[in-house]
Amino acid sequence: MSARLVVVEGLDGAGKNTLTTALVAELTRRGHTVGRLAFPRYGTLHADLAADALHGGQAGTADSPHAMALLFAMDRHAALGELTALSAANDVVLLDRYVASNAAYTAARLGPERAEEAVEWIGALEFDRFGLPEPDLQILLDTPVDVAARRAGAREAADPGRTRDRYERDATLQADTGANYRRLADSSWRSPWTVLGTDPDVSAVADLVVVGT
Ligand SMILES: Nc1ncnc2c1ncn2[C@@H]1O[C@H](COP(=O)(O)OP(=O)(O)OP(=O)(O)O)[C@@H](O)[C@H]1O
Ligand SMILES: Cc1cn([C@H]2C[C@H](O)[C@@H](COP(=O)(O)O)O2)c(=O)[nH]c1=O
């Protein structure tokens, strides 16, 4: 039997990693087995190429929204085996970012006139062509841009090795990405969505995650 596939989405610094960690603890405490994966999978080929580009490497790559989107998509394509194994071994698989990240950020980079085209392209490529599994639930952590930026800034101050990348430093991109995420949620893109505020109640979110398990 395959696990319930639940995705946590949101802006840079929104609190996805923090929420995912808390959910793993809460679900484990309740007796569920939980697999966890974060995209990009830093330390692997395509994710590290994407990170390098966002930090100024590979002249020109980060200037192309499509090239960046392909690197992130290739990272997920290469993770298919890992995802399948996690799904077979657990009740729940929690993903910190997934295909909707690519849809929301690429749409923001291409601008409002091409946003719909971007979302359709990413969905067709990753779900329909690459065969990535569609989520059972996507959670949008809808932390306001200024709060997320403050959190990312504080994190950078505490850990100077974790410098903010090109996307994180771009307040307009973050605001446009937030609007795209809300549109994805409103249209139930590829799954049901739930939209959470800045500081969600972990127990209530865990209830949503395990519905039907
Ligand atoms: N509810 C919260 N209240 C206060 N601070 C928080 C909260 N959630 C997260 N933080 C802090 O904000 C910073 C960013 O959080 P986190 O790393 O979870 O975000 P993220 O969405 O995973 O970020 P990114 O996508 O940029 O990796 C961290 O320093 C974290 O401790
Ligand atoms: C998975 C994924 C990520 N992005 C963007 C979002 C972030 O700004 C960066 C790096 O991600 P991190 O969570 O801050 O480490 O990449 C994207 O555009 N498309 C994706 O699929």
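Q: In this predicted model, how far does a polar side-chain atom of Asn102 lie from a nitrogen atom of ligand 2?
A: A pair of N or O atoms counts as a polar contact within 3.5 Å. Here the distance between the Asn102 side-chain atom and the ligand nitrogen is 3.0 Å.

Q: How much of ligand 2 does the protein bury?
A: Ligand 2 taken alone exposes 480 Å², of which the protein buries 94%. The space that the ligand takes is the largest pocket.

Q: Which residues are around ligand 2, and what is their make-up by class?
A: Among them are Asp12, Phe39, Pro40, Tyr42, Leu54, Phe72 and Ser101. The shell comprises 7 nonpolar, 2 polar and 3 charged residues.

Q: Which helices each supply at least two residues of this shell?
A: They are α3 (65–78) and α5 (99–110). Helix α5 gives the most, with 3 residues.

Q: How is a pair of aromatic rings described?
A: One states the distance of the centres and the angle of the planes. The whole structure holds 5 aromatic pairs. One of these joins Tyr105 and Tyr167, with 5.8 Å centre to centre and 15 degrees between the planes, and is stacked. This pair links distant parts of the chain, 62 residues apart: Tyr105 belongs to helix α5, while Tyr167 lies in the loop between α7 (145–158) and α8 (171–186). Both tyrosines, Tyr105 and Tyr167, are also among the residues around ligand 2.

Terms used: Residues numbered from 1 in each chain as written. Chains lettered and ligands numbered in written order. Predicted model: local features only at pLDDT ≥ 70, side-chain atom pairs only at ≥ 80, totals over all residues. Heavy atoms only, no water. Near = heavy atom within 4 Å. Polar contact = N/O pair within 3.5 Å; in protein donor to acceptor, adjacent residues only side chain to side chain. Areas by Shrake-Rupley, 256 points an atom, 1.4 Å probe, with all protein chains shown as cover. 1 Å grid on protein atoms, 1.4 Å probe; cavity = no way out; pocket = protein on both sides within 12 Å on 5 of 7 lines; lining within 4 Å. Sits in = over half its atoms within 2 Å of the grid points. Helix = DSSP H or I, 4+ residues; strand = E, 2+ residues; numbered from the N terminus. Nonpolar A, V, L, I, M, F, W, Y, C, P; charged D, E, K, R; others polar. Phe/Tyr/Trp six-rings, centres within 6.5 Å; stacked < 30°, edge-to-face > 60°.
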